[in-house]
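Let us read a structure together, one feature at a time. Have the viewer ready.

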Amino acid sequence: MVGRSLVVLLAALAVPAWAQPAGPVASERATFRVSVVAAGLEHPWGLAFLPDGRMLVTERPGRVRLVSPDGALSAPLPGAPAVFARGQGGLHDVLLHRAFARTGLVYFCHAAEGPGGASTAISRGRLTEAGIEGLQTIFAATPRTGGVLHFGCRMVWDGEGFLHLSLGDRMRPDQSQDLASHNGKTLRLTEDGRPAPGNPFAARPGALPEIWTLGHRNPQAMTVHPETGRIWVVDHGPRGGDEVNLLEAGANYGWPRATHGINYDGSTITEHRSLPGMVDPLWVWVPLSIAPSGAAFYVGAAFPGWRGDLLVGGLRERALVRLRMEDGRPVAEERIPLGERIRDVRVAPDGRVHLLTDSPRGAIWRLDPV
Ligand SMILES: [Ca+2]
């Protein structure tokens, strides 16, 4: 045991704490340097830019911190959600209320424990200089289950002011096709966490009225196209079969009845890559997964060569993956290796791309064009 501990210790010492690329990174349409905005974050997961130039960042074990423009990290804010922090569970995405400057409201999606196990929940509170005040859980997915995998989750606002949430299948693939379960779905909610009016299955007996789309596996990237307002999701496949999907109300994205992926042991999940009545992905990663988490369309001025492209964070791939978009769909891919697992991709108001690295010693990176 002593020898093994020594090996582990030496391995830890050999790895730089925040291993950002040291020199300029040359890619097909841009060259940039990676600056460390803030470090010392444990599995940072979600990021939001505040109107005053600060940022809010979540850490998966359940912490929320403010980051000043010069990169100084606050202490963990009091009042953050109590999370189920096991496996992939914990504190995930953060989203400002659409009228944040007036309301101060901040939304968190996270794993939460309750009767029967754990599921994904949304909690909302008011950000003040004292921390997060008046936190309330406004939505909890059902059914709760045992297990520590596939919680999703990302949140975005649509153009009508409704809140969309992406949810993983909780390793119960059949639930992705079951309208009586929230798991493996995207939901469309009011800002108070209730079913939004006009949802596609609201009138169907036995169907949960929050459901917007079904047939997802573990969508950990969801983003709104800044020009079309359409919502895009990037979903983890099993072994191979990560997908980019454009959401349409009521659509079925196929999991687990249609997929390009196979089981981790090499066995077949289904012979179908496509089925009638199910929507095919607009991009798929085979035979290996990149393990996508976090995505954003690029429309800033800092990287004119990336304009309109979808930037996707790769966990397993340890890369920023750029999907070239033409006529509203991906047509080509570039993988930009960065040496760290990339958990989230955000474009700052000034157009510079920010990344979160998924590590016990994670960081916020900023890409500065050179
Ligand atoms: Ca699919």
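**Reading the core, the fold and a sheet**

Q: Which residues have the most contacts inside the largest nonpolar core?

A: A nonpolar core is a set of buried Ala, Val, Leu, Ile, Met, Phe, Trp, Tyr and Cys residues joined through C-beta atoms within 7 Å. Buried means that 20 or more other C-beta atoms lie within 10 Å of the residue's own; exposed means 12 or fewer, and partly exposed is in between, with C-beta atoms placed from the backbone. Here the largest core has 82 residues, and those with the most contacts inside it are Leu165, Ala295, Leu311, Val312, Leu320, Val345 and Ile364. Strand β7 (residues 105–114) gives the most to this core, with six residues. In soluble globular proteins, nonpolar side chains tend to be buried together.

Q: What kind of model is this, and how are residues numbered?

A: This is a predicted model: local features need pLDDT of at least 70, side-chain atom pairs count only at pLDDT 80 or more, and totals for chains, interfaces and linings use all residues. Residues are numbered from 1 along each chain as its sequence is written.

Q: Which residues does leucine 320 touch?

A: Two residues are in contact if their C-beta atoms, placed from the backbone, lie within 7 Å. Not counting residues up to four places away in sequence, leucine 320 touches Leu311, Gly313, Ile336, Leu338, Ile342, Val345 and Leu355.

Q: How many helices and strands does the chain have?

A: Helices (H or I, at least four residues) and strands (E, at least two) are DSSP runs, numbered from the N terminus. This chain has two helices and 24 strands.

Q: What is the strand order in the open sheet of five strands?

A: Two strands pair if DSSP finds at least two bridges between them. The order is β1-β2-β24-β23-β22, with antiparallel pairing. β1 (25–26) and β22 (342–347) stand at the edges, each with a single partner strand, so one side of each has no neighbour in the sheet. β22 pairs with β23 (residues 353–357) over five bridges, in the antiparallel sense. Isoleucine 342 has threonine 357 in β23 as its bridge partner.

Q: Is tryptophan 285 buried or exposed?

A: Count its neighbours. Tryptophan 285 has 27 C-beta neighbours inside 10 Å, so it counts as buried. Tryptophan 285 lies in strand β17 (residues 283–285). It touches Gly237, Gly240, Asp242 and Ile290, leaving out residues up to four places away in sequence.

Q: What share of the chain's residues count as buried?

A: Of the 370 residues, 45% count as buried.
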